[in-house]
Amino acid sequence: MQNHFYVITWPDVLVSLVFIAVTFGVMRYWKIGLEKTLLIGTARTFIQLTLMGFILSFIFKQEHWYFMVGLLVLMILIASYEGYHRQKLPIPYYYLILTGSLGVTVVIVLGTILKFIMDVQPWFYPFAMIPIAGMIIGNGLNSMTLTANRFIAEMKHRENEIETLLSLGAPVRIAVHNCLVEAIRAALIPNINGLMTVGLVQLPGMMTGQILAGIDPLIAVRYQIMIMYMWITTATLANVISLAFIYRQFFTPASQLRLKLLRQAE
Amino acid sequence: MTKTPIFELDHTTRIENDREILKNVSLVFHPGEFVALLGPSGAGKTTILRLFNGLDSPSAGEIRYRGENILELPITELRRSVGMVFQTPAILAGTVRENLFIFQKWRKDFNATDEELVEHLLRVGLSADDLNREAKSLSGGEKQRLALARTLMNNPNVLLLDEPTSNLDPQLAQRILRRIKKVQEELGLTVIMVSHDHQLAAKFAQRFIILIDGEVVEDGDISVIENPQQPVVRSFLNGAED
Ligand SMILES: Nc1ncnc2c1ncn2[C@@H]1O[C@H](COP(=O)(O)OP(=O)(O)OP(=O)(O)O)[C@@H](O)[C@H]1O
Ligand SMILES: [Mg+2]
């Protein structure tokens, strides 16, 4: 069969509202009480994605590298801000740590992909750079906030172990080693499970999108393989970098556990 | 005594949440002493041990170890030299042997033969058979003794003991303290022991410090507890007997 790609028109989008109508009907009938939220969500999806479409088509028309770099920085700053406020963690310099770790991770991972894997010309070609950067930023940030949370929970759980090791003369890095290991393991296990099960049950969203857009599945698969490997590296780098800064915040220069700070975490 | 004191608290205050949990305390400890630190719950006994081990710093005043301000000493050296056994010590995952070998993780030169390990275990009343046991499966009292053995692996000059016998029956408590006393005399250790059991402490310590509400109210020989002068001390000691 010939590759072909079908364009959905705005009237077609309106037809897809039948899905919402069905859900709405069920909610009414069973008095589930979420009708209002559903309608707000429906409207927001429409508005946010339409806006995003306009923004993206504007971005993709730009031709200067500094525009793209500026955009990347903005994306990192906004995403970090969002992650910072999602979980109120009592970590000094938390926002700075998130942005810094994310920035370094993006430079390394995105740089490798654009230069050595895709060999994009010019390197800031937005159709490649922006979607991939978005995936790196979103995943890296998600992983970092989960890991930071887990790390603090581990430290609270192992408070006595940490202080016992310190009291024996252990350096801080050794005293928190178990907490770091647990936190990083917890962050990487979902990624590794993803590597195990991808393609067995459902097709990843990006691949589905590419196939719908008429791209040869064998090409889409190669993209997806790269993305899978990219995710695990992103998670590893972002977590290792951020934890290296986070754990230090919980100790004084005299290698004392800052119990009060730790206990501020709920 | 003319020797340099091993520890000095010089007008030391520790503030926690705007509350003075140690109030302008001045004390001098001499090398080789066996001191019992007594006082009601919340008096600040653990606080003093934590300051000596460098787990906390004073809010005001100074602490000197062998004449030097402890803030100026390399912290890991201080902690190695000033061993502490916690009220509820953390036993690490793995075997008893792995607990005793934990120092390998940060001291590349650390090593011990099986004979030395067994010697350490025997010293605290554990047996050679315990070496390969899963440490978390030890009883409360055995864990306390393992923690003591682990601290002694550092060959400290000072031993800070926070209720070292709270999980032991009276016979065992006496046996362990006799052993600690023996080690202390052999190695010339300074021992500062927090205890709720002043009868037991009386058998081993030479000096008794009574701390109430962050302040030293008594400091002296056995007469401090045998013949208390102050009403607060009397009522604390009587209360502790019930
Ligand atoms: N990290 C802390 N934060 C707040 N208060 C603390 C902290 N550590 C100790 N305190 C308070 O300081 C006081 C002295 O505590 P400390 O642990 O030294 O008492 P203690 O004499 O060892 O008592 P116990 O015999 O019950 O172990 C207590 O009132 C305690 O609640
Ligand atoms: Mg205590």
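## Two helices side by side

An axis here is a line fitted to C-alpha atoms, for helices over the stretch in contact, and angles run from 0 to 180 degrees between N-to-C directions. With that in hand, look at helix 9 (residues 177-197) and helix 11 (residues 217-249) of chain A in this predicted model: their axes lie 10 Å apart and form an angle of about 170°. Helix 9 of chain A is therefore roughly antiparallel to helix 11 of chain A (angles under 35 degrees count as roughly parallel, over 145 as roughly antiparallel, 65 to 115 as roughly perpendicular and the rest as oblique).

By class, this contact between helix 9 and helix 11 of chain A has 15 nonpolar, four polar and no charged residues (Ala, Val, Leu, Ile, Met, Phe, Trp, Tyr, Cys and Pro count as nonpolar, Asp, Glu, Lys and Arg as charged, and the others, Gly among them, as polar). Residues of helix 9 of chain A that take part include Leu180(A), Ile184(A) and Leu188(A), while those of helix 11 of chain A include Trp231(A), Ile232(A) and Leu243(A); contact means heavy atoms within 4.5 Å.

## Ground rules

Residues are numbered from 1 along each chain as its sequence is written, and chains are lettered from A and ligands numbered from 1 in the order in which they are written. Local features need pLDDT of at least 70, side-chain atom pairs count only at pLDDT 80 or more, totals for chains, interfaces and linings use all residues, and side-chain values use heavy atoms, with hydrogens and water left out.

## Chain A as a whole

Chain A comes to 12 helices and zero strands; helices (H or I, at least four residues) and strands (E, at least two) are DSSP runs, numbered from the N terminus. Its C-alpha atoms fill a box of roughly 70 × 55 × 35 Å along the principal axes. Of the 266 residues of chain A, 37% count as buried (under 20% relative accessible area, with exposed over 50% and partly exposed in between, using a 1.4 Å probe and protein chains only). Among contacts in chain A with a separation of 6 or more, 70% come from residues 24 or more positions apart.

## Local details in chain A

Lys31(A) has a positive phi of about 50° although it is not a glycine. Lys31(A) sits in the loop between helix 2 (17-30) and helix 3 of chain A, and at 72% relative accessibility it is exposed. Glu35(A), in helix 3 (residues 35-59) of chain A, is buried at 14%.

A cis peptide bond joins Gln121(A) and Pro122(A), with omega about -15°. Pro122(A) belongs to the loop between helix 5 (94-117) and helix 6 (126-157) of chain A.

## Where the chains meet

Chain A and chain B bury about 1800 Å² between them, 56% of it on carbon and sulfur atoms; buried area is the accessible area (1.4 Å probe) that two parts lose on being put together, summed over both. In chain A, Ser167(A), Leu168(A) and Gln256(A) lose the most area to chain B, together 33% of what that side buries. The contact takes 17 residues from chain A and 25 residues from chain B.

## The magnesium ion

Which protein atoms are donors of the magnesium ion (ligand 2)? They are OG1 of Thr46(B) and OE1 of Gln87(B), 1.9 to 2.6 Å from the ion. Donors are N, O and S atoms within 2.8 Å of the metal (3.2 Å for Na, K and Ca); water is not among the atoms, so sites may look incomplete.

Thr46(B) is in helix 1 (residues 45-53) of chain B, and Gln87(B), 41 residues apart from it, is in the loop between strand 6 (82-85) and helix 3 (96-100) of chain B. Thr46(B) is partly exposed at 27%, and Gln87(B) is partly exposed at 35%.
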